[in-house]
Amino acid sequence: MSTLTITPDRRARLQRRIRLIVAFTIVYNLVEAVVAIAAGSVASSAALIGFGLDSSIEVLSAAAVAWQFTRRDPERWEKPTLRVIAVAFFALAVYVTVTSLWALIGGERPEHSTVGLVLTALSVAIMPIVSLAERRAGREIGSGTAVADSMQTLICTYLSAAVLVGLALNSLFGWWWADAVAGLVIAVFAVREGLEAWRGDACATSVGMILDDDHDGDHDHDHDHDGRAHR
């Protein structure tokens, strides 16, 4: 559906839907981060700890941009906010790479983690649905930011799948190195997301943008109303 044919009521409902989806994603990632880091620490799993840290950075990114758009001059804070997010992702990549390589070189064998298996399996099942819902709403409303955020959620699903495979191979076949390899996969994605943030592609952080889109939509509606009034 073209944005030109969307009624104001429909547009408002879609904006609320996107905000709810993003809010759910933030809460889910927050819980996911706490559980993954705790389970990873118990099992000595570099992949699980890295997965939890990645989820926490996703929450930090969204919160940072949401804070940015509460400022009087949000554009002034956009570049430094994205640079902070980028540095956080680069730091994550370094940490996970070092710990994963250390585990491979030292032959450190992570323990079986039922919690980790359940957590990553839930993410693989839930996040594609969340991504699809946001992508559909974003396309209908014409919000490139919401569509980009939905793709970021899909990338998180791939990370969940990589960690799930690593944990499963370790538990089923004793392939201890699979956990470290999954950690290196997370490091690659972290570098990718860091580069996007550094370049200014805030696809992972749409909360503030959606609020801004909402404001712009109201402004455009008022402008159209004024235009009709002057006819």
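Let's start with helix α4, residues 114-141, in this predicted model. With 28 residues at 1.5 Å a residue, α4 should span 40 Å, and its end C-alpha atoms sit 41 Å apart, so the two agree. Even so, α4 has a kink of about 30° at I126, shortly before the proline P128. Once α4 is over, G142 takes a positive phi of about 80°.

Now, over to α1. This helix covers residues 8-43, which is 36 residues. From first C-alpha to last, α1 reaches 52 Å, close to the 52 Å expected at 1.5 Å a residue. Just after α1 there is again a positive phi, this time about 55°, at S44.

Is T25 buried or exposed? Its relative accessible area is 9%, and the cut-off for buried is under 20%, so T25 counts as buried. And what does T25 touch, leaving aside neighbours within four places in sequence? The contacts are M127, V130 and T153.

My other pick is V34, also in α1. Here the relative accessibility is 56%, and exposed means over 50%, so V34 counts as exposed.

V34 also takes part in a nonpolar surface patch of about 500 Å², together with V27, L30, V31, V35 and V115. Which helix gives the largest share of that patch? That would be α1, with 5 residues. As a reminder for anyone looking at the spacing, an α-helix has 3.6 residues a turn, so residues three or four places apart point the same way.

Thanks, everyone, happy to chat!

Note on methods:
Residues numbered from 1 in each chain as written. Predicted model: local features only at pLDDT ≥ 70, side-chain atom pairs only at ≥ 80, totals over all residues. Heavy atoms only, no water. Helix = DSSP H or I, 4+ residues; strand = E, 2+ residues; numbered from the N terminus. Expected span 1.5 Å × (residues − 1). Patch = residues over 30% accessible without salt bridge, like charges linked within 9 Å, V, L, I, M, F, W, Y side chains within 5 Å. Areas by Shrake-Rupley, 256 points an atom, 1.4 Å probe, with all protein chains shown as cover. Salt bridge = Lys/Arg side-chain N within 4 Å of Asp/Glu carboxyl O. Buried < 20%, exposed > 50% of the residue type's maximum accessible area, 1.4 Å probe, protein only. Bend = angle between axes of the 7 residues up to and from the residue. Contact = heavy atoms within 4.5 Å.
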